[in-house]
Structures are given as C-alpha cells and as structure tokens.
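Please keep the sequence and the structure in view while reading.

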Amino acid sequence: MRAVDLIIKKRNGAQLSTEEIQWLIQGYTNGSVPDYQMAAWAMAVVLKGMDDRETTDLTLAMAASGDQLDLRDFAPDAVDKHSTGGVGDKTSLVLGPMLAAVGLQVAKMSGRGLGFSGGTLDKLEAIPNMRIDLSEDEFRHAMRDIGMVIMGQTADLAPADKKLYALRDVTGTVECIPLIAASIMSKKLAAGAKSIVLDVKVGAGAFMKTLDQARDLARTMVRIGQLAGRNVAAILSSMEQPLGLTIGNALEVREAIETLQGRGPSDLVEVCLTLGSHLLVLAGKAQNLDEARQQLQTSLDNGQAWAKFREFVAQQGGDLTVIDQPETLPIAPIQISLLAESSGFVQRIDAETCGIVATELGAGRARKEDAIDPAVGLVLQRKVGEPVQAGEALLTVHAADQQRAEVALAALKSAITISATPVEALPLVFESVA
C-alpha cells in the first residue's frame with residue numbers, strides 16, 4: 001500500500017478497508033508515514049467523513065498501536081471520564097476525587113490543551129513538582145494505594161493517537177466527529193477502564209456547536225465503547241459560556257480546590273454531580289441517579305473528596321504546601337478588569353472568544369511546541385443572567401505584561417453583551433445518551 005493512494009481514496013469519498021486503516025495507523029506510528037501525509041489524510045476525513053465501521057476500525061487500530069492496560073487483576077471495575085473539551089473545564093480535578101472518595105477506582109488518562117480548550121495535564125502541571133508521566137508500575141501502585149490516577153499518555157499506550165492528537169491541533173483538523181471519537185475512545189479502550197462517562201460539550205466554546213453534532217458524536221462514541229464490551233454513557237452539557245469562573249491553569253486549580261472545599265461555583269458542581277451520578281450507576285455502585293448524587297454530594301460535604309485530592313497530589317509528587325495555600329500558586333503580574341459600560345443583566349459571554357483570548361495570553365497553545373504560562377488567564381465576575389451595574393467588573397484579565405493585557409481587554413469587549421431587561425440563566429445539561 002501507499003499512503004498517497006489512501007489519501008486520494010478518502011479525498012474522493014470512498015471507504016477505506018479495515019486492512020488499509022490498520023496499515024495507515026501502523027505506518028504513522030512507526031514513522032514510515034510522515035506527518036505531512038497524515039495531515040493530508042486527516043483533512044480528507046474532515047471533508048469526506050467516515051462511516052461507523054471505518055470509525056470503529058480507526059479506533060481499534062489506534063488502541064492497538066501500543067500497549068493496552070489490563071486492569072482486571074487489581075482494578076477490575078475501574079472507571080474513567082472524558083470531556084470533549086471546553087473553556088474553563090476543570091471537571092476532572094473535582095470529579096476524580098469525588099468518585100475515589102465514594103469507593104470507585106478512577107483510572108484517567110488525560111491530554112494537553114487542544115486549540116482553545118485547556119488540557120487537564122496543563123492544569124495539573126501548575127502545581128509545583130506534580131508528575132503526570134507515570135510508568136505502568138507507578139500507575140498500578142497509585143491505583144492500589146489511593147484508587148485514583150490522572151496521568152498523560154505513555155509512549156507505549158495508544159502512541160498513534162498521541163501523535164495524531166498533536167498534529168490535528170495545528171492542521172485545522174480538530175473539529176471532525178470520526179477523528180474526535182477515535183481519539184477519545186482509543187485512549188479509553190487502551191487505558192482499560194470498564195465504565196466510562198463522556199461529557200460532550202455543546203455551544204460556542206465547544207468543538208460541537210449544535211445539539212445535533214453533539215448527539216452524533218455521543219452516539220458514535222457510545223457505540224464504539226459498547227462494541228468493545230465497556231459500559232458507556234454520554235452527557236450533553238452546555239459550553240455557551242465558560243464553565244465556572246476561571247480560565248487558565250493555576251486559576252482553575254484554585255477554583256477546583258475551592259470547589260472540593262465546598263465553595264465552588266454552582267455550574268461546576270452540577271456538572272460534576274451529573275457526570276459522577278451516571279458513572280456510579282454504570283459501575284453498579286448505585287441503584288439510581290438520585291442515590292448516586294447523594295453519595296457524591298456527601299463526599300463534598302464531609303471533606304472526603306478534598307482529602308482524596310490531597311492524597312492524589314501527594315501520590316504524584318505535587319507540593320501539598322501549595323495545595324493547602326493555593327494563593328501561592330503562580331500569579332500573573334498584571335491584572336486588569338473589563339468594566340460594564342451600562343447597567344443591566346449579562347446576556348451573553350462568548351466562551352470561544354474567552355478561550356481564544358486566554359490562549360493568546362499564554363494559557364494554551366497555538367502550536368504544539370508552545371510553552372504554557374500557568375499564571376495567566378481570565379476570571380469572570382459575572383455569569384449569564386446575573387445583574388451588573390455600570391462601572392462594575394465583568395471579568396479580570398491576568399496577563400504577563402501590560403501590552404498583552406490591553407490586547408486581551410480589547411478583544412473581550414465584544415464577547416460580553418449586557419441586556420437592559422432580565423435574562424434567564426443558561427441551561428447546563430441537555431440530555432444523556434446510553
């Protein structure tokens with residue numbers, strides 16, 4: 001086979017065979033298919049799509065491109081959660097400890113920032129000395145000791161996805177349902193979790209802009225998981241405005257800590273409770289969603305989730321002194337607020353614009369080799385539906401220098417709309433797919 005022939009075949013809208021997909025992924029993994037040809041093929045997929053069989057074949061080929069963890073001997077009922085990416089989405093930092101605190105074993109493999117969507121690993125690395133690159137032995141040890149791991153992909157686990165994930169970020173091929181589904185589910189299958197909940201984001205700050213797109217992605221991923229013998233459900237949640245109040249790595253770690261201590265924003269708490277409830281039911285640890293929600297809420301109220309987060313940070317080498325004193329996390333030297341020009345009610349906060357601005361400040365990556373500045377980002381003072389007086393702060397820019405702060409403020413003026421009349425709060429969770 002030749003890669004160029006497969007590129008042309010897909011460009012012309014034809015289906016690739018199972019053998020062709022396996023050959024392409026093996027070649028890309030071992031280096032015989034170069035980045036530029038894989039980028040061309042990915043763009044052909046964006047333009048022409050893949051059917052369910054091709055998408056499943058792609059997922060299985062990516063999962064089989066390296067080691068596949070077998071957790072049956074020490075974590076047979078391990079669970080995992082994945083978000084399709086959003087702005088201000090620090091859910092994993094809160095939900096993981098909640099789930100571990102009620103007795104589930106959380107085996108989560110996360111990624112770095114992709115486009116304007118922040119990555120869980122980037123957030124964790126805002127904690128001094130926090131290790132996210134663990135060996136398989138360290139992974140197993142942590143699962144046995146505290147029942148929770150959040151780590152990056154090792155070179156031997158779904159290496160094809162690791163390469164393609166970075167390539168898509170810089171070639172305009174992120175927003176593609178077959179590629180997103182295969183990327184997510186290949187990691188989930190290779191990581192060995194038995195029960196998986198998927199948070200499919202919908203709206204301006206998500207890769208899926210409409211409910212129809214989100215349903216399509218959710219159903220595709222659920223089908224892949226079920227065919228592979230896993231318990232899978234998907235939740236469709238809103239990303240019209242950022243989740244919580246912070247965007248940026250150290251800022252989001254602080255908010256996660258506040259949430260685990262019972263002082264978090266209501267939308268972040270609600271998404272965590274919704275996702276976690278479905279996961280407890282999938283794993284057979286609760287009879288229904290109400291019972292599951294009560295278990296998770298209790299873990300927040302009695303401090304067990306917070307205690308589990310501290311155990312998790314310590315287990316992976318993070319500095320507990322900083323966790324216990326989150327004001328010592330990295331702080332940007334320049335902080336400037338965007339003020340409301342009129343009184344009224346917040347009608348719109350464009351999540352995509354907020355994510356792009358945060359990326360340009362240094363909280364995310366425009367290119368895969370870009371460095372992250374953990375201190376920079378945005379802090380919202382108002383959410384949609386809340387009242388504001390003229391001259392009050394709508395949000396605060398945290399920047400490395402004055403020039404970047406001023407550029408960010410100028411870009412953000414169009415991201416927030418004020419209405420003279422009351423505005424209803426946005427819906428948060430739309431539906432589930434199982």
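This is a predicted model: local features need pLDDT of at least 70, side-chain atom pairs count only at pLDDT 80 or more; totals for chains, interfaces and linings use all residues.

## The second largest pocket

The second largest pocket holds about 260 Å³ of space. It is lined by 17 residues, and those closest to its centre are Q241, S266, D267, K383 and L428.

## The nonpolar cores

The largest nonpolar core contains 80 residues, and F312, V397 and L412 have the most contacts inside it. Helix α12, which spans residues 266-282, supplies the largest share of this core with 8 residues.

Which residues does V397 touch, not counting residues up to four places away in sequence? They are I334, Q335, I336, L361, G377, L378, A405, A408, L409 and L412. There is also a second, separate core of 25 residues, with I184, V202, M221 and V433 among them.

## A sheet of three strands

An open sheet is formed by 3 strands in the order β10-β8-β12, and the pairing is antiparallel. Strands β10 (387-388) and β12 (416-419) are at the edges; each has a single partner strand, so one side of each lacks a neighbour in the sheet.

In general, the strands of a sheet pair through backbone hydrogen bonds, in either a parallel or an antiparallel manner. Here, strand β8 (residues 344-349) is paired with β12 in the antiparallel sense over 4 bridges. What stands opposite R348 in β12? The residue opposite R348 is T417.

How values were computed. Residues are numbered from 1 along each chain as its sequence is written. Side-chain values use heavy atoms; hydrogens and water are left out. Two strands pair if DSSP finds at least two bridges between them. Helices (H or I, at least four residues) and strands (E, at least two) are DSSP runs, numbered from the N terminus. On a 1 Å grid over the protein atoms alone, a cavity is a set of points where a 1.4 Å probe fits but cannot get out, and a pocket is an open set with protein on both sides within 12 Å along at least five of seven lines; lining residues have an atom within 4 Å of a point. Grid points are joined across faces, edges and corners, and a volume is the space filled by probe spheres set on the points. A nonpolar core is a set of buried Ala, Val, Leu, Ile, Met, Phe, Trp, Tyr and Cys residues joined through side-chain atoms within 4.5 Å. Buried means under 20% relative accessible area, exposed over 50%, partly exposed in between (1.4 Å probe, protein chains only). Contact means heavy atoms within 4.5 Å.
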